[in-house]
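User: I have a model open and want to go through it piece by piece. Can you take my questions as they come?

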Amino acid sequence: MLTTPRPATLRRDITASLVVFLVAVPLCVGVAVASGVPAELGLITGIVGGLVVGLLPGSSLQVSGPAAGLTVLVYEAVQTHGIGTLGVIVLASGALQLALGLLGFGRWFRAISVAVVQGMLAGIGLVLIFGQAYAMADLKAPSSGLEKIAGLPGLAADIAQDGATLTAFAIGAGTIAVLVLWKKLPARVPTLVPAPLVAVALATGVTAAFSLSVTKVQVKGLFEAVQIPGPGAFSALGDVALLGTVLAFTLIASAESLFSAAAVDRLHDGPRTDYNKELMAQGAGNTVCGLLGALPMTAVIVRSAANVQAGARTKLSRVLHGAWLLLFAALLPAALGVIPVAALAGVLVHAGCKLVPLRDLRPLWREHRGEAVVLGVTAVAIVATNMFEGVLAGLLLAVAKTAWETSHVQLNVKDTEEDGPIHVRLTGNATFLRLPHILDTLEALPKDRPIELHLSGLRHLDHACLTALTNWADRHNAEGTDPVRMRGEVMAVAG
């Protein structure tokens with residue numbers, strides 16, 4: 001619920017809402033165009049993010065809307081299942097988020113490996129860069145990530161040989177240049193005037209002033225763009241592939257939102273995020289977006305950071321930003337029709353570059369090499385396959401890495417008497433991953449000496465290791481002259 005803030009706080013919230021609105025307009029439109037859906041659907045998602053999610057409890061200053069992180073997945077879903085099914089996918093994902101929040105799973109999303117999330121964002125960033133590079137030149141991008149990369153030399157040749165293609169690419173490149181250089185201005189200027197708005201406005205002005213022949217955003221009107229799913233569309237939920245897409249939407253949108261909430265909490269001193277309530281708020285927003293056939297939403301760090309940096313104090317700022325989006329979409333829809341697609345592609349290429357953590361890779365490789373491998377494999381898998389399979393590969397690799405690191409066992413062999421028993425003491429966690437090392441050590445012991453195997457130092461002994469040790473002891477006793485004795489109880493034996 002909203003309470004009436006004090007006049008000073010009200011002024012800050014109104015100012016912040018206008019800043020977030022100006023940041024949101026080009027991003028909402030750009031994400032929609034890159035996703036292969038009408039531009040207005042991106043604005044509808046931004047409106048729902050402000051007017052619905054903005055009113056709900058969870059995170060007080062975090063802003064929700066269409067995110068570049070879901071662009072690749074949405075595009076794949078639209079191409080595979082059709083735009084008419086998008087609303088069903090988003091609606092099902094929202095309902096699943098609501099259920100997970102009600103069951104208290106919100107905090108468990110924080111347990112997802114940071115390397116997997118960074119790899120996911122890096123993979124999305126790479127696909128955005130490679131895909132939107134074609135859109136910057138007013139060309140259609142190949143379907144798969146590998147085809148996009150393979151087609152880059154041909155893209156460069158087209159830009160060099162065709163004047164219209166070169167013109168469009170120059171607009172996109174100029175947009176990126178403005179985004180980069182805008183941060184070099186005195187600190188107060190980028191805060192008051194958002195770089196994406198300036199870059200797109202300049203590109204639009206140059207296009208109009210010189211009557212450049214480039215592709216513009218296609219405008220349908222806010223209500224005409226709504227794609228309410230009909231009763232027949234819900235039968236698609238029986239498709240296993242579509243259910244996999246729903247799961248991918250849910251996992252990625254939830255993880256991105258909750259990681260964003262943790263980042264936003266570090267930017268301000270206000271109330272901390274309730275993760276279960278925030279997950280339910282995101283679920284409610286996606287449910288509404290699904291009913292309207294709009295894009296899925298997540299919490300978005302760029303708009304959230306702009307909200308905090310502009311001085312927002314309460315959730316009123318994010319609610320008002322949704323109201324400004326609604327007024328803009330309802331009263332000035334024709335303004336979208338003059339925006340060059342190449343300029344929006346430039347905004348998304350710049351956003352994709354920021355998703356690739358190049359500065360963090362070298363220190364991560366030095367300090368946590370395994371995490372760097374997980375990050376890299378996740379990113380490459382997303383580019384080579386698709387979002388769902390890439391994230392799944394990263395999660396499996398992260399689990400395998402953790403299992404290997406925690407499965408640490410030491411064997412201490414003590415042979416003090418020439419004819420006495422050999423004492424072998426095992427400590428740590430003995431799992432099947434360490435069996436080769438354990439068995440190599442035990443099988444190298446002499447068979448004509450008694451052996452005492454001390455297990456009391458083990459914190460965990462899984463069934464595979466217990467079986468292997470028992471079999472080794474039986475073989476030793478059958479081949480040797482002296483028996484093996486196992487001594488001590490293990491703290492935990494897996495069944």
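User: Start with Gly230. Is it buried, partly exposed or exposed?
Analyst: This is a predicted model. In it, Gly230 counts as partly exposed because its relative accessibility is 30%, and buried would mean under 20% while exposed would mean over 50%.

User: Where is Gly230?
Analyst: Gly230 sits in the loop between H11 and H12.

User: And how far apart are the C-alpha atoms of Gly230 and Leu358?
Analyst: They are separated by 44 Å. Along the chain the two residues are 128 residues apart.

User: What about Gly232, where does that one lie?
Analyst: Gly232 lies in the loop between H11 and helix H12, which covers 240-265. With 55% relative accessibility, Gly232 counts as exposed.

User: OK, step back. How many helices and strands does the protein chain have?
Analyst: The protein chain has 21 helices and six strands.

User: What box do the C-alpha atoms fill, and what share of the residues is buried?
Analyst: Taken along the principal axes, the box is roughly 95 × 60 × 55 Å. Of the 495 residues in the protein chain, 50% are buried.

User: Salt bridges next. How many are there?
Analyst: The count comes to two salt bridges. One of them joins Lys401 and Glu371, with the closest N and O atoms 2.8 Å apart. That pair links distant parts of the chain: Lys401 is in helix H19 (residues 387-406) and Glu371 is in helix H18 (residues 369-384), 30 residues apart.

User: Since H20 came up, which residues of helix H20 are buried?
Analyst: H20 covers residues 435-443, and its buried residues are Leu435, Ile438, Leu439 and Leu442. Seen down the axis of H20, these buried residues fall within an arc of 90°, so they line one face of the helix. In general, an α-helix has 3.6 residues a turn, so residues three or four places apart point the same way.

User: What is exposed on the other side of H20?
Analyst: Pro436 and Asp440 are exposed there.

User: Switching to the surface. Which residues make the nonpolar surface patch?
Analyst: Leu10, Ile14 and Leu18 make that patch, which is about 210 Å². Leu10 is in helix H1, residues 7-34. Leu10 has 32% relative accessibility, so it counts as partly exposed.

User: Which residues gather in the patch of positive charge?
Analyst: On the surface, Lys183, Lys184, Lys354 and Arg359 gather in that patch. Lys184 is in the loop between helix H8 (163-182) and helix H9 (188-192). Lys184 counts as exposed because its relative accessibility is 66%.

User: Last topic, backbone. What is phi of Asp138?
Analyst: Phi of Asp138 is near 60°, a positive value in a residue other than glycine. Most residues other than glycine have a negative phi. Asp138 is in the loop between helix H5 (114-136) and helix H6 (145-150). At 27% relative accessibility, Asp138 counts as partly exposed.

User: And what is the phi of Ser211?
Analyst: Ser211 is not a glycine, yet has a positive phi of about 50°. Ser211 lies in the loop between helix H10 (195-209) and helix H11 (222-225). Its relative accessibility is 63%, so Ser211 counts as exposed.

Key: Residues are numbered from 1 along each chain as its sequence is written. This is a predicted model: local features need pLDDT of at least 70, side-chain atom pairs count only at pLDDT 80 or more; totals for chains, interfaces and linings use all residues. Side-chain values use heavy atoms; hydrogens and water are left out. Patches are made of residues with over 30% relative accessible area and no salt bridge: like charges are joined within 9 Å, nonpolar side chains (Val, Leu, Ile, Met, Phe, Trp, Tyr) within 5 Å. Accessible areas come from the Shrake-Rupley method with a 1.4 Å probe; for residues, only the protein chains shown count as cover. A salt bridge is a side-chain nitrogen of Lys or Arg within 4 Å of a carboxyl oxygen of Asp or Glu. Helices (H or I, at least four residues) and strands (E, at least two) are DSSP runs, numbered from the N terminus. Buried means under 20% relative accessible area, exposed over 50%, partly exposed in between (1.4 Å probe, protein chains only). Lys and Arg count as positive and Asp and Glu as negative; His and the chain ends are not counted. The place of a charge is taken as NZ of Lys, CZ of Arg, CG of Asp or CD of Glu. The arc is that of the directions from the helix axis to the C-beta atoms.
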